Amino acid sequence: MISGIITATALVGGIGLFIGLFLGGAAIWLRVQTNEKEEAVLELLPGNNCGGCGYPGCAGLAAAIASGEAPTNACPVGGAEVGKKIAAVMGVEAEESERMVAFVQCRGTRDQVKLDYEYNGIQDCRMLSFVPNGGAKSCNFGCLGYGSCVEVCPFDAIHVFNGVAQVDREACKACGKCISVCPKNLITLIPYSAKYAVACSSGDKGPITMKDCRAGCIGCGICEKNCPAGAVHVENFNATIDQSKCTGCGICAEKCPKKVIVVPEKVSVRAAAAAAAGCRWPERRLQWEI
């Protein structure tokens, strides 16, 4: 009987030893080769996994940088500082990058825009495509004001003020999530250093815009005619500014009859908060009671 127990124990032990050796060999044989530079780059990335770089998270970007597929300054959250550290790891010269921030191309606040009806449905901009005219505002190009962009922003950098989303330029990391979620496609990225921007995305002719919103671009072309640098152009009844040509002279803003060419830092969340009387700042989503 004792010999049977010894035999069984030896058999089980032998099988266990075989399985252990087999799994250990398989782990060595099938192991994924790691890239030391990739791991070093991943350590330097902020770890937000926001996708603003265009890759599936920080690990995806680290792999792309290590393979030379992406530039060392591709992370919008880390910015130039992280880009320089990654360049040092990769043994290349740091690439110059300009800080970008989100900008909402709309100033159609509740006191400026006409409403076609009173809407009391789901407070989600993405759902407004299922209601008449895509929302209660007469302007089909304006901000719906229900804060879908607020909900997806991982940096708490965009909030709704008086029916229009506005950006906290200091908190914005240019990840692009607000851009992708906006059903009206009126959020864009502009250089942090931009002196002027067009705060309207309307594609309607002037008379229609004037009827729907008092703060809309009417496509008159006065800004284009007066810009000495040739940086302003009117396309599809809406003005656009080529930031690479803009000198910041301010003539376009001065001549604009509808005052839709604005200084970005003066229409940010912080500027609106400073200007609004009796404003209060809740923890997650800013609301102003005026």
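In what kind of crossing does α2 pass α3? In this predicted model, α2 passes α3 in a right-handed crossing. The two helices, α2 covering residues 36-44 and α3 covering residues 57-66, pack at an angle of about 135°, and their axes lie 8 Å apart. That angle makes α2 oblique to α3.

Helix α2 also packs against α4, which spans residues 79-90. Here the angle is about 165°, with 10 Å between the axes. As for the sense of the crossing, α2 passes α4 in a right-handed way.

With a relative accessibility of 47%, Asn 49 counts as partly exposed. Another asparagine, Asn 162, turns up with a positive phi too, near 55°. Asn 162 sits in the loop between strands β2 (158-161) and β3 (164-167). Its relative accessibility is 26%, so Asn 162 counts as partly exposed.

Next come the aromatic rings. Searching the whole structure turns up one aromatic pair. The charged end of Arg 99 sits over the ring of Tyr 192, at 4.3 Å from the ring centre. The charged end of Arg 169 sits over the ring of Tyr 192 as well, at 4.4 Å from its centre.

What about the cysteines? The structure holds zero disulfides. Take Cys 106: the closest cysteine sulfur belongs to Cys 143, and at 5.6 Å it is too far away for a bond, because a disulfide needs the two sulfur atoms to be within 2.5 Å. Cys 246 is in no disulfide either, as the nearest cysteine sulfur, in Cys 252, is 6.1 Å away. Is Cys 106 buried or exposed? Its relative accessibility is 6%, so Cys 106 counts as buried. Cys 246, on the other hand, comes out at 24% relative accessibility and so counts as partly exposed.

At 8% relative accessibility, Cys 213 counts as buried. Along the chain, Cys 213 and Ser 138 are 75 residues apart, yet 7.7 Å separates their C-alpha atoms.

How many residues lie between Tyr 119 and Ala 136, counted as their distance apart along the chain? They are 17 residues apart in that sense, and their C-alpha atoms are separated by 6.1 Å. Tyr 119 has a relative accessibility of 15%, which means that it counts as buried.

Terms used: Residues numbered from 1 in each chain as written. Predicted model: local features only at pLDDT ≥ 70, side-chain atom pairs only at ≥ 80, totals over all residues. Heavy atoms only, no water. Phe/Tyr/Trp six-rings, centres within 6.5 Å; stacked < 30°, edge-to-face > 60°. Lys NZ or Arg CZ within 6 Å of the ring centre and 35° of its normal. Buried < 20%, exposed > 50% of the residue type's maximum accessible area, 1.4 Å probe, protein only. Axes fitted to C-alpha atoms, helices over the stretch in contact; angles between N-to-C directions. Helix = DSSP H or I, 4+ residues; strand = E, 2+ residues; numbered from the N terminus. Parallel < 35°, antiparallel > 145°, perpendicular 65-115°, else oblique. Left-handed = near helix turned anticlockwise from the far one by under 90°.
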